[in-house]
Amino acid sequence: MSYALARTNWSPRARSAAGAIGSTVTEPIPVNQPAVSRSSTGSAPDWSRSFENRAQELLQLRPNWDNRGSATPRIDALSFAYSVLSEAMAPTTASPSVIPLSNGGVQLVWAGNQVDVEVEVMHPNQALVYSLDHQSGVETEWQLTTEFSPLSALLRSKFTA
Amino acid sequence: MPANPPRDDRGFVIPHNHDEILNHHHVIRHTTPQDLCRNVDTGERRLSSGAFCESGDEVGGMSVDIEEWMAADGLAPLHYVTDPSHGAVRLNVAELRALGFQVGWDPLVGTNLHHGEVWGIGNGSGRRRKIANIAETLRKAQGED
């Protein structure tokens, strides 16, 4: 583990006048600088702030917000979507597009040149994952349970810096 | 006037294939800036498959306008797309039915007698993307590339 400044002592001041008779200058005490740890993840990752901002926008939508009879995005769907992200995302994973669905659910979309990944959240604990590999044309769809590792692996391999 | 659509005891239109919505007809699906997703590699913004979601009503399908019925009444395809930020796509009825969906009439009395529904899409992106693949853009939603 590397602590950037942990082993660097502050330099004792030169005793320019310390040797003078009658001087009251005292010996400086070497003090270790405080250990500074590696940058932490204490601040929210970009995707988290991005999601929260988007969720605030979506919660402003009214019934029939699109003139095609759609329901207002439900807060429980948004909340569960955030839980999914918290489990599946690395701090540097790209933010998904958050799309309101006509049925009140939300869709998380990572569209990329290699792969598209879409997560549809209908209700808490009810979500479907879809992926399309653009090169092979292979589509995969599965029900998201409490096991997030397949989704997490996909996002971390394709959409994480 | 077309034949009345089938209704349940409460008066709600139930899923059906309307005989007078012919296979060579088209339906218009409105799109909005909220439907757009961004490609993380290119920044391009396109319609997400979520634009083709059924409503949450008990018997709700995906809301559309029936283009040929509108034309017969002298209306342009975008007549009901009144918000300037909204766009629209055109879907061929035969292709929708070939995908296993039903296309029927659900008139909104007083506002849109040319209103229809596409039923059977269900949840998940797979079937919605099949609809996206056959959609022809009539007008892009604001912000769409």
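A residue is taken as buried if 20 or more other C-beta atoms lie within 10 Å of its own, with C-beta atoms placed from the backbone. By this criterion, in the predicted model described here, strand S4 of chain B, comprising residues 62-66, is mostly covered, since 5 of its 5 residues are buried. In a regular strand the side chains alternate between the two faces of the sheet. In S4(B), Met62(B), Val64(B) and Ile66(B) point one way, whereas Ser63(B) and Asp65(B) point the other way, and all are buried.

Strand S4(B) is joined to strand S1 of chain B (residues 26-31) by 2 bridges, the two strands running antiparallel, and within this pairing Val27(B) stands opposite Ile66(B). Strand S7 of chain B (residues 115-119) is likewise antiparallel to S4(B), to which 4 bridges join it; here the bridge partner of Asp65(B) is His115(B).

In chain A, an open sheet of 5 strands is found, with the order S1-S2-S3-S4-S5 and antiparallel pairing. Its edge strands are S1(A), residues 97-100, and S5(A), residues 139-144, each of which pairs on one side only. On average, and with direction ignored, neighbouring strands of this sheet are turned by 20° against each other. Within the sheet, strand S3(A) (residues 115-123) and strand S4(A) (residues 126-133) pair in the antiparallel sense over 8 bridges, and Asp116(A) has Leu132(A) of S4(A) as its bridge partner. Helix H3 of chain A, spanning residues 149-158, lies across S2(A) (106-111), S3(A), S4(A) and S5(A), and runs at about 140° to S3(A).

Two further helices of chain A, H1(A) (residues 46-58) and H2(A) (residues 75-88), pack at an angle of about 170°, with their axes 11 Å apart. Because angles over 145 degrees count as roughly antiparallel, H1(A) and H2(A) are therefore roughly antiparallel to each other. The contact between these helices is made by Trp47(A), Phe51(A), Ala55(A) and Leu58(A) on the side of H1(A), and by Leu78(A), Tyr82(A) and Leu85(A) on the side of H2(A). Classified by residue type, this contact of H1(A) with H2(A) has 7 nonpolar residues, with no polar and no charged residues.

Methods:
Residues are numbered from 1 along each chain as its sequence is written. Chains are lettered from A and ligands numbered from 1 in the order in which they are written. This is a predicted model: local features need pLDDT of at least 70, side-chain atom pairs count only at pLDDT 80 or more; totals for chains, interfaces and linings use all residues. Axes are lines fitted to C-alpha atoms, for helices over the stretch in contact, and angles run from 0 to 180 degrees between N-to-C directions. Angles under 35 degrees count as roughly parallel, over 145 as roughly antiparallel, 65 to 115 as roughly perpendicular and the rest as oblique. Two residues are in contact if their C-beta atoms, placed from the backbone, lie within 7 Å. Ala, Val, Leu, Ile, Met, Phe, Trp, Tyr, Cys and Pro count as nonpolar, Asp, Glu, Lys and Arg as charged, and the others, Gly among them, as polar. Two strands pair if DSSP finds at least two bridges between them. A residue is buried if 20 or more other C-beta atoms lie within 10 Å of its own, exposed if 12 or fewer, and partly exposed in between; C-beta atoms are placed from the backbone.
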